Each structure stands twice: as structure tokens, then as C-alpha cells.
Amino acid sequence: MTTPQGFLVHTAPAGLADDGRDDFTVLLSTVPSVCAAVFTQSRFAGPSVVLCREETRLAAARGVVVVARNANVATGPEGDRNAREVRRRTAEIAGLPEDELLIASTGVIGKQYPMVDIRTHLDSLSWPPQDRGLEGAAEAIMTTDTHSKIATARCGDATVTGIAKGVGMLEPDMATLLTFFATDAELPQPELDRIFRRVMDVTFNAVSIDTDTSTSDTAAVFANGLAGPVDAAEFERALHEVALTLVRMIAKDGEGAGKLIEIRVTGARDTAQAKRVGKTVVNSPLVKTAVHGSDPNWGRVAMAIGKCQDDTDIVPEKVSIGFGGTDVYPAGSAEDDSLVRKQIADHLRGDEVLISIGLGIGEGEFTVYGCDLTPGYVRLNSEYTT
């Protein structure tokens, strides 16, 4: 995989779990960079989020230290002190001002960091370490993911590479989960920030697994400029390509998931309405279970649209619904019903399901992504800490 110039990755097992898997990651530009970042809006945000959001020079951040398998959320003053220590010591080892390093955590809520083990690892860490590459970082930041998530795209002479983790507790309220992008493109920081937020809005903010917003969501892009200036529009296209690839990976790997669900809403009053309707449908347990069972019960989609009770301009007579290119509403003749249901069922048996909704109101449109609801989701989350 082609990767951007000037980034160094360290990963190692630091004692957060007993399976020996890498759980401590440092992703860092070896030269000064500019950064854009967004974070969860959860009222129970963890110390890592609060520290980055309020006390980091985000525009000049050069990288991030990630602690996986422990969210360090709801851990009180001790959790705050521990997050500060991990960031400060990692920055000192890397030779950075601490406010140029982000920190992110993911995993179980309500547990303190195993600071004795983390300190032991930091005591042994010399800089620069052996480079594990962005592939190594993608693996080390995982929690319940079944596979790592990494994607890359070219933009002129520059490269954009992104990594992400997350398969549950996923109804983003900014971007989502943990996702980090490294690029050697050169852009002014204000322009990078505008582009990043636009891309997040139509990719990571368009995915939902289970309607639950994480306390630890962090998304950031680091641009060190080693490949020289790039066209802003081309960079946005490349960043969008990488982000959307990661989103589809996340939705397909949702906890217990077997199928990716894509909901395309068109004809809405505006983008916000289209997104609202799409999220309502993709988050419906009845829609999710129908998709899981390949049950051609398209009435569940109509039901879910109907839950948008405040959108009084949604009129059933103007609405259209389709599955994988087969129109199901407005309904056809009774003679066609069995054929339509067979076509829907055939489409639902695939591992990617497309549901199209037309509202017949205006020009607004939005696409959201999610997954089916399976016994595996219930099993995994009922046993998560046991």
C-alpha cells in the first residue's frame, strides 16, 4: 500500500489486556504538520476527548497516542490525571510539546488505565522506534472489530491514508469512533479544517450501527506537506474516497453484522430531512431484522418513515420505496406482488442491501449506512465485560 511520506507509527502491547495483542499506538508526523479534528458531543465524554478538545493546539498537532481496550471514561480525577500523564510522557519521548499531541482511548467504560503496565512500557520506549506503519496502527487500535480498517487514495503527488476502528456504540454525533488520516499534502490549516468537516458530515456522520453514541469518538487528519501543494477540490475528493471506504468497512463489520445496509433518500425538503429519514430507517430494529432474515417485508420501511412525525410535509402518496432497483411502493397490481417479493428476497440474500426512498418534496438527498441486527450482536454485547 502506498503511504504518505513522513509518518512514523509505534505499536506495542502495554498491558491493557492479557492476550498479548498490541494495544498502545503512537502515530506521528516526523515534521511539523497541520491538523483538523472533531470529537464526540456526548455529555459523558472521557478525559482524552476533553483534554484534546480544550487544551491541545489542534491546528498544529502532529499526531496521536491511542490507548485501546480501555476507554478511560467515568473514571473521575484519577482518570484525568492518567490521561494527562500518558500524553505528556509520550510527547516527551517523541520530543514534542505535549499540546501538539492528541490522545484517544477506546474500550470498556468505567475502568482505570493499568498505569503500572503503561509506565513500564513508556520507560522502555526509545525514539525513534521501529516503524510499524499505518497497517500496524489500524490493527492496534481495534477493540471488538473483526478485522483492521485502512484505505488510501492519491491526490496528485500526495497520498491520503486513513485508518478506523469501531463496530458498535455507533451513532456518531460529530464523526465517529476512532479514525485518523495521514497525508503528505500541503494545505492551509483553515482550508483543511473546512474540507475535513464537510467530508465527515457525509461519511462518518452518515453511519449508524445501534443508535448509541460513544463517549470517546475522535476523528483527526494530519497533513505535513512533504508532497507539496495540492488542488483543494482534488484533495477533498481523495479524502472523501478514503473516508467512505472506511465507513462501508465499519458498517459491514458492525457487531454481529452480516450485511451492509445503504439507505439512499432523495426528494427531501433539504439535506437535513433526508438524513433524518435515512437514519430513522437504518436504525429501525424491525428493518434491521427483516434484512437479516432476507424477509421481503418492505412495509417496515414505510413504518419507519412514518415515525418522522414532525416532518408534516411527508405525504404517503408522494413517497416511493425500492429495494436494489425493484420498486415496491407505490404498490403494483396484486398479480405482480409475488414476483416483487421474490426479487426483494433475492436482493436481501446478498451481503449488501440498498434501500431507496423518494420523498417527492424537494431536491434534498442524503445516503446513510448501517447493518443488520443479528443474534451475534446480542451475544457479543451481553458478554462484553464477562
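Trainee: Which residues of helix 7 are buried?

Mentor: Buried means under 20% relative accessible area, exposed over 50%, and partly exposed in between, with a 1.4 Å probe and protein chains only. In helix 7, the buried residues are Gln-273, Ala-274, Val-277, Gly-278, Lys-279, Thr-280, Val-281 and Val-282. This is a predicted model: local features need pLDDT of at least 70, side-chain atom pairs count only at pLDDT 80 or more, and totals for chains, interfaces and linings use all residues. Residues are numbered from 1 along each chain as its sequence is written, and side-chain values use heavy atoms, with hydrogens and water left out.

Trainee: How are helices and strands assigned?

Mentor: They are DSSP runs, numbered from the N terminus: helices are H or I with at least four residues, strands are E with at least two.

Trainee: What do the buried residues of helix 7 pack against?

Mentor: Contact means heavy atoms within 4.5 Å. The partners of these buried residues are strand 10 (260–268), helix 8, helix 9, strand 13 (352–358) and strand 14 (364–371).

Trainee: What does Asp-270 do at the start of helix 7?

Mentor: Think of polar contacts: pairs of N or O atoms within 3.5 Å. Within protein, one must be able to donate a hydrogen and the other to accept it, and residues adjacent in sequence count only if both atoms are side-chain atoms. Here a side-chain oxygen of Asp-270 comes within 3.3 Å of the backbone nitrogen of Ala-272.

Trainee: Which elements supply its lining?

Mentor: Helix 8 (285–292) and helix 9 (299–306) each give at least two residues. Helix 8 has the largest share, three residues. The lining includes Val-287, Trp-298, Arg-300 and Phe-323.

Trainee: What is the lining by class?

Mentor: Ala, Val, Leu, Ile, Met, Phe, Trp, Tyr, Cys and Pro count as nonpolar, Asp, Glu, Lys and Arg as charged, and the others, Gly among them, as polar. The count is nine nonpolar, one polar and two charged residues.

Trainee: Where are the cis peptide bonds, and what is omega?

Mentor: One runs from Trp-127 to Pro-128, with omega near 5°. Pro-128 sits in the loop between helix 3 and helix 4 (133–140). Another joins Tyr-329 and Pro-330, with omega about 0°. Pro-330 is in the loop between strand 12 (326–329) and helix 10 (334–348).

Trainee: What is phi of Arg-69?

Mentor: Near 80°, a positive value in a residue other than glycine. Arg-69 belongs to strand 4 (residues 63–70) and is buried, at 19% relative accessible area. Ala-74 also is not a glycine, and its phi is positive, about 60°. Ala-74 lies in the loop between strand 4 and helix 2 (76–94) and counts as partly exposed at 49% relative accessibility.

Key: 1 Å grid on protein atoms, 1.4 Å probe; cavity = no way out; pocket = protein on both sides within 12 Å on 5 of 7 lines; lining within 4 Å.
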